[in-house]
Amino acid sequence: MLNNPKARYTARATIALYIGVLATLLITTFYPAPVEGVSIPLMLSVKLIPLLAFAVPVVRANNRGYIWMAFVVIFYFTQAVVSAWLSEGAPGPVILTILTFLLFTVAMIHLKVNRPVTN
């Protein structure tokens, strides 16, 4: 629910970044090469299911859903930073680091802009 006309922009930015994070997680599963000896459906499940649980709250711009998503995104950010460091700046982890940082930041800005009006 949008409580402010400006919140429409932050909600759209959050949706775009959310889709970007999901796409990056999907792409990095197969590129540069899948991990040998690991089930791809299992790997995709572990990577995507925690974030896919927030698809409806993100699309509906639900404040409480954004808060919970932000907690989960912190784990993705941490993993991406460690992967970027260990891979010495491989593009996939660096892009994921940037996208998760931006997703968290824009979601928090949305929460600030979309405060309920109290009288």
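Trainee: What am I looking at, and how is it numbered?
Mentor: It's a predicted model, where local features need pLDDT of at least 70, side-chain atom pairs count only at pLDDT 80 or more, and totals for chains, interfaces and linings use all residues. Residues are numbered from 1 along each chain as its sequence is written, and side-chain values use heavy atoms, with hydrogens and water left out.

Trainee: How many helices and strands are there in the chain?
Mentor: Five helices and zero strands (DSSP runs numbered from the N terminus: H or I, at least four residues, for helices; E, at least two, for strands).

Trainee: At what angle do H2 and H4 pack?
Mentor: Helix H2 (residues 40-52) and helix H4 (residues 63-86) pack at about 155°, with their axes 10 Å apart. Axes are lines fitted to C-alpha atoms, for helices over the stretch in contact, and angles run from 0 to 180 degrees between N-to-C directions. So H2 is roughly antiparallel to H4 (the term covers angles over 145 degrees).

Trainee: Which residues make the contact?
Mentor: Val46, Lys47, Leu48, Pro50 and Leu51 from H2, and Met69, Val72, Val73 and Tyr76 from H4; contact means heavy atoms within 4.5 Å.

Trainee: New topic: where does Phe77 lie?
Mentor: Phenylalanine 77 is in helix H4.

Methods
Parallel < 35°, antiparallel > 145°, perpendicular 65-115°, else oblique.
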